[in-house]
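This report describes selected features of one protein model. The sequence and structure are shown first, and the description follows.

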Amino acid sequence: MDASISMFDLGWQTYFQQQLSLDDLETHNIARVCQAEPSQYKLLSEHGLLTLTKQSYQPEMTIGDWVVVNKENEFVRKLDRSALFNQGERLIASNVDTVLIVSALDDTFNLDLIKRYYDLVHDAEADAIVVLTKADLCDTVDEKRDLVQRLNPLLMIETVNTKSDEPLEALKGFFKQGRTVAILGAPGAGKSRLVRSLIDVNDPQTQFSEPQESLFRLPNGAVLLDSPALRELQANEAMSAESDFELVAKIAEKCRFNDCTHMNEPGCAVLQAVEQGNLEEFRVKAYKRATFSYTDDVTTKQKTQRHAHSDARARKHSLAD
């Protein structure tokens, strides 16, 4: 037995405990999936690392799943999930409690991408905390933070200074024993620096003694879940968000006025595309949020004032326990 690993170290919670039978407690073992391969699963348990060969009678499993095995390390059943990230039929990760959505406050700030990640977390039934990095490189921190807050008034948001080497004490308060945490963010958002500020991946206290690359110890007994599939998912979302932005921007180039706000100007190619069913309105709204650092009320006020000077123009935006 590996005495350095306990069930709570792996993210065990009451929700899963309640699913165990007396037989499970007396004659079976519990393990957590830490690697999903084409022909087998790798699982971590109090007894160390074990391999489970895929069989046709088994349900499809993913990293983060809790599994009941017998004394011979044979599959018995999978416990119900508390959360699940998936892409269509493809399973990405499960049983994640809290997701840190990391976004830089510099020129790469993309509200549409933050919303994409937030929707992913919401659909997975996990909690979200938005971490806004590189605050020292931004002169409009409050405005951008307000835009993010509009996604949900109850959304937790933390702001991080790039130059600070101190651990993020505010975030550590959300890490508790048995909690599983994941991190989402576009390349360059500051995810790696965030992880380094929280844990030292080379520290023996961070690594479980068994060799695997998906589960790491966080402060206060929490667990960080990472995997190639999760990294691929966030990369795909980042590319998709950029594609949406470019799509609206390309159509906007055809507007009659260079400073078109795409609200009610004559000759607006964006509005015309929406009316003709060639462009979804939610993409236009996301484009406006990501492009203009104004609220809807301010934009409307500015348009009204400038229409008074010209009828031809108007200007430019709108957990944890």
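The largest pocket has a volume of about 340 Å³. Its lining comprises 21 residues, of which Gln35, Ala36, Ile63, Ser227 and Pro228 are the closest to the centre. Strand 1, strand 7 (90-94) and helix 7 (228-252) each contribute at least two lining residues. A pocket here is an open set of points on a 1 Å grid over the protein atoms alone, with protein on both sides within 12 Å along at least five of seven lines, and lining residues have an atom within 4 Å of a point. The volume is the space filled by probe spheres set on the points, which are joined across faces, edges and corners. Helices (H or I, at least four residues) and strands (E, at least two) are DSSP runs, numbered from the N terminus.

The model is predicted: local features need pLDDT of at least 70, side-chain atom pairs count only at pLDDT 80 or more, and totals for chains, interfaces and linings use all residues. Residues are numbered from 1 along each chain as its sequence is written, and side-chain values use heavy atoms, with hydrogens and water left out.

The nonpolar cores are sets of buried Ala, Val, Leu, Ile, Met, Phe, Trp, Tyr and Cys residues joined through side-chain atoms within 4.5 Å; buried means under 20% relative accessible area, exposed over 50%, and partly exposed in between (1.4 Å probe, protein chains only).

| Core | Residues in core | Named members |
|---|---|---|
| Largest | 50 residues | Phe85, Val99, Ile101 and Val148, with the most contacts inside it |
| Second, separate | 19 residues | Leu100, Phe174, Ile183 and Ile199 among them |

In the largest nonpolar core, helix 3 supplies the largest share, eight residues. Beyond its neighbours within four places in sequence, valine 148 is in contact (heavy atoms within 4.5 Å) with Phe109, Leu111, Ile114, Val130, Leu132, Leu155 and Ile157.

Helix 3 is largely enclosed by the rest of the structure, because 10 of its 14 residues are buried. Among them are Leu111, Ile114, Tyr117 and Val121, as well as Asp112 and Arg116. Just after helix 3, glutamate 125 has a positive phi of about 70 degrees.

Serine 39 lies in the loop between strand 1 (29-36) and strand 2 (40-45). This serine is partly exposed, at a relative accessible area of 46%. Leaving aside neighbours within four places in sequence, serine 39 is in contact with Thr53 and Lys54.

Technical notes: On a 1 Å grid over the protein atoms alone, a cavity is a set of points where a 1.4 Å probe fits but cannot get out, and a pocket is an open set with protein on both sides within 12 Å along at least five of seven lines; lining residues have an atom within 4 Å of a point.
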